[in-house]
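Hi everyone, thanks for coming. Let me put the sequence and the model up on the screen, and then I'll walk you through a few spots.

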Amino acid sequence: MDTVAAVEKRPFSLSLTRWDVAGAFGDIGILFPIAIALVSLNHMNPTAVFFTAGFAYILAGAYFNIPMAVQPFKAVAAIALALQLPPSSIATAGLLMGVLLSLIGLTNLVTPLARLFTLPIVRGIQLGLGLILAREGIRLALGAKSRALVLGQLALPAWEIALGGAIILLSFQRSRRYPSALVLLAAGVLLGSLAHGRSLGSSGWGGWGPLPLDFLHPHAAEMKKVLVALVLPQFALTFGNSIVATENTAQVLYGTQARRVSARALSLSIGLTNLVSGMLTSAPTCHGSGGITAHYKFGARTQKSNYVIGGACLFLALFGRAAVGLLSLIPTAVLGVFLIYVGIQHGALIRDIVARRRSLFIAVCVGLVSLARTNLTYGFVLGFLLEGLFLVLKRASERKAAEAQRTNDE
């Protein structure tokens, strides 16, 4: 049983516990690095990015009644960063995704589509995402983007910060008094403040105060361009991970508390929030199965965690470009440790099918292909093919058995 499994279930109240706060920041290893990259490299409006993320977090918590993750579209972000796409293209992709997901949610087409994802395929998606998160966490902690911190005459290399973060996380993992996520986050902020605190208020932070929001003016040519480049690859990932796998993960972790988490509700939630964020020229967001695991494993048990992280995002929106400088106080190596831990915990959801060899084989194949291609779409397409192959073999075997039985009867 994990650290906070023994926390008693109480009726909802306005008071916050340390676990509400700790769990609220469980998924920052995904949210903050992507948001920083989109603002810094693609010149997205930081006020819009953090405002819409906070807005989505608060509404998701209020409706689903569990800690529901909100993450930037990972496929869109990766392609946009690689191609250096402008904010209008990114927002247009979010707007089109919003229209598409709202339509399949309103018509309930999402429900029969979700039935195609069998349990082995879902577990494979969760395993693949867990492996990808762990790998990206290692890259964040030890890669070129993770620089040493200089404290006076002492230089701390990234691997030492990551090792220290892992020790802190493991040391406080079972503590009921000091949540490991809060301790690690506090240690990271303290370390970053000691190294970079003098730059607070400097012009290098890009200025303080919220920036005006810009409304998107979609153009047909840009819509056609992003439909192929961004929307199609993102839709497959969103449907498999953010809808089907998220529904399953929520039910596994929260049971009856997650009764509102259905494929249709998730589709409508993602669709509607992206209609808003798209029109405000902001980064598109979705719900993520790995994010739910992150919030849960770091202590979140009620929607109050959503209100905490949502409020933090709204607070960051007030700082404009300086929000990027504020978030940079958290060492990249610390964010990497968060990701590694969440990846391991998310991949471990496969444990309930370990005894079923065929299901385990399909799930492992889906997970490994997803990791190799860094794309869950390839994984679950392989899963569909394997499920189809096993179904054909099963029916052929049944036909042979039936023919053999008829021969014996004759």
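So, leaving aside its neighbours within four places in sequence, which residues is asparagine 306 in contact with? Contact here means heavy atoms within 4.5 Å. They are Tyr57, Ile58, Ala60, Gly61, Ile66, Pro67 and Met68.

Before I go on, some ground rules. This is a predicted model, where local features need pLDDT of at least 70 and side-chain atom pairs count only at pLDDT 80 or more, while totals for chains, interfaces and linings use all residues. Residues are numbered from 1 along each chain as its sequence is written, and side-chain values use heavy atoms, with hydrogens and water left out.

Back to asparagine 306. You'll find it in helix α13, residues 304–317; helices (H or I, at least four residues) and strands (E, at least two) are DSSP runs, numbered from the N terminus. Asparagine 306 is buried, at 1% relative accessibility. For the cut-offs, buried is under 20% relative accessible area, exposed is over 50%, and partly exposed is in between, with a 1.4 Å probe and protein chains only. The asparagine 306 side chain also reaches the backbone oxygen of tyrosine 57, at 2.8 Å.

Now for some backbone angles. Most residues other than glycine have a negative phi. Histidine 43 isn't a glycine, yet its phi is positive, about 60°. Look for histidine 43 in the loop between α2 (28–41) and α3 (46–64), where it is exposed at 55% relative accessible area. Asparagine 108, also not a glycine, has a positive phi of about 60°. Its place is the loop between α5 (87–106) and α6 (110–114), and asparagine 108 is partly exposed, at 30%.

Last thing: confidence. pLDDT is the predictor's confidence in each residue, from 0 to 100. The protein averages 88, and 93% of the residues score at least 70. Where is confidence lowest, and where is it highest? The lowest is strand β2, residues 149–151, with a mean of 79, and the highest is helix α11, residues 263–279, at 97. Over residues 1–8, pLDDT stays under 50, and the model has 17 contacts beyond four places in sequence for them.

Key:
A polar contact is a pair of N or O atoms within 3.5 Å; within protein, one must be able to donate a hydrogen and the other to accept it, and residues adjacent in sequence count only if both atoms are side-chain atoms.
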